[in-house]
Every structure is written in C-alpha cells, then in structure tokens.
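Q: I have a chain open here and would like to talk it through. Could we go over it piece by piece?

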Amino acid sequence: MIWLELIVAGIFETVWATTMKYSEGFTKLGFSIATLVAMTASFLLLARATKTLPLSIAYPIWTGIGAVGSILIGVILFKDSLSPLTWVFVGFLLIGIVGIKLTTGH
C-alpha cells in the first residue's frame, strides 16, 4: 500500500507541474488553485511514504516519477521536442526507478 501511495504522490507531482504551466505564472486562478491542491496532495503522500520507506528510496522514486511524467506531459500536451539521445536518458530514468524499487527490501 505504501508503494501505491508513493506512486500516486509522484503522479500528483506531474499534475502540479502541469497545472503550474497552465497557470501562466499563477495568473490563472483555477490552475493556480489546482497546482496548490496537487502540491499538497503530493507532499502529504510523500510524507506518509517516508514514515515507512527510507528517504533514500522514497525521494528518488517520487522525483523520478515526477520527472518522467513531466517529460511525457511536455511532449504530449505542450509539443516539446526531444532528441533521440534524450529519450535514451529518459529510459535510463525509468530503469533507475524500477531498479530502485526492485532492489529494496520494502
């Protein structure tokens, strides 16, 4: 269950990064509020996860999910363009996230 909460925390990190972009520097109220709600949810779930998981495991997983999620959202919604080599490194991020999970005793 704690891993599910950590994954959801990472997803909320992607959500707040996306809504922050849509808020246009916090000038759009609805997206600004959505950003703050998603940030709060993300941080609260991360805090819950660190009650059980070591910080050295929980934080990299959380940031990794947020990073990969934000990359995918950037490409899909904002038409960001990434080089093939950048995609290789995104793959390394995914491998790192899965590797950390698979090699922990939690």
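Q: Which residues does Trp3 touch, not counting residues up to four places away in sequence?
A: This is a predicted model. In it, Trp3 touches Leu53, Ile57, Ile61, Lys101, Thr104 and His106, with residues up to four places away in sequence left out of the count.

Q: And which residues touch the most other members of the largest nonpolar core?
A: Trp3, Leu6, Leu53 and Ile61 do, in a core of 15 residues. Leu53 and Ile61 are also among the residues that Trp3 touches.

Q: Which elements give two or more residues to this core?
A: They are helix 1 (2–22), helix 2 (29–52) and helix 3 (55–77). Helix 3 supplies the largest share, with 6 residues. In general, nonpolar side chains in soluble globular proteins tend to be buried together.

Q: Stepping back, how many helices and strands does the chain have?
A: The chain has 4 helices and 0 strands. Along the sequence this reads as the pattern α-α-α-α.

Q: What does the C-alpha trace span along its principal axes?
A: The trace spans about 45 × 35 × 15 Å.

Q: How much of the chain counts as buried?
A: Of its 106 residues, 33% count as buried. The chain exposes about 6,400 Å², and carbon and sulfur atoms supply 76% of that area.

Q: What share of the contacts with a separation of 6 or more comes from residues 24 or more positions apart?
A: Such residues account for 69% of those contacts in the chain.

Q: Changing topic to charges: how many salt bridges does a search of the whole structure find?
A: The search finds 2 salt bridges. In one, Glu5 pairs with Arg48, and their closest N and O atoms are 2.8 Å apart. Because Glu5 lies in helix 1 and Arg48 in helix 2, this pair ties together parts that are 43 residues apart in sequence.

Q: Which residue forms a salt bridge with Lys28?
A: Glu24 does, and the closest N and O atoms of this pair are 3.2 Å apart. Lys28 is partly exposed, with a relative accessible area of 36%.

Q: How far apart are the mean positions of the positive and negative charges?
A: The chain has 6 positive and 4 negative charges, and their mean positions are 5 Å apart.

Q: Back to helix 1: why does Thr19 count as buried?
A: Thr19 lies in helix 1. Thr19 counts as buried because its relative accessibility is 12%, and the cut-off is under 20%.

Q: What does Thr19 touch, not counting residues up to four places away in sequence?
A: Thr19 touches Phe31, Ala34 and Thr35.

Q: What separates the C-alpha atoms of Val75 and Gly91?
A: These atoms are separated by 15 Å, and the two residues are 16 residues apart along the chain.

Conventions: Residues are numbered from 1 along each chain as its sequence is written. This is a predicted model: local features need pLDDT of at least 70, side-chain atom pairs count only at pLDDT 80 or more; totals for chains, interfaces and linings use all residues. Side-chain values use heavy atoms; hydrogens and water are left out. Buried means under 20% relative accessible area, exposed over 50%, partly exposed in between (1.4 Å probe, protein chains only). Contact means heavy atoms within 4.5 Å. Accessible areas come from the Shrake-Rupley method with a 1.4 Å probe; for residues, only the protein chains shown count as cover. Lys and Arg count as positive and Asp and Glu as negative; His and the chain ends are not counted. The place of a charge is taken as NZ of Lys, CZ of Arg, CG of Asp or CD of Glu. A nonpolar core is a set of buried Ala, Val, Leu, Ile, Met, Phe, Trp, Tyr and Cys residues joined through side-chain atoms within 4.5 Å. A salt bridge is a side-chain nitrogen of Lys or Arg within 4 Å of a carboxyl oxygen of Asp or Glu.
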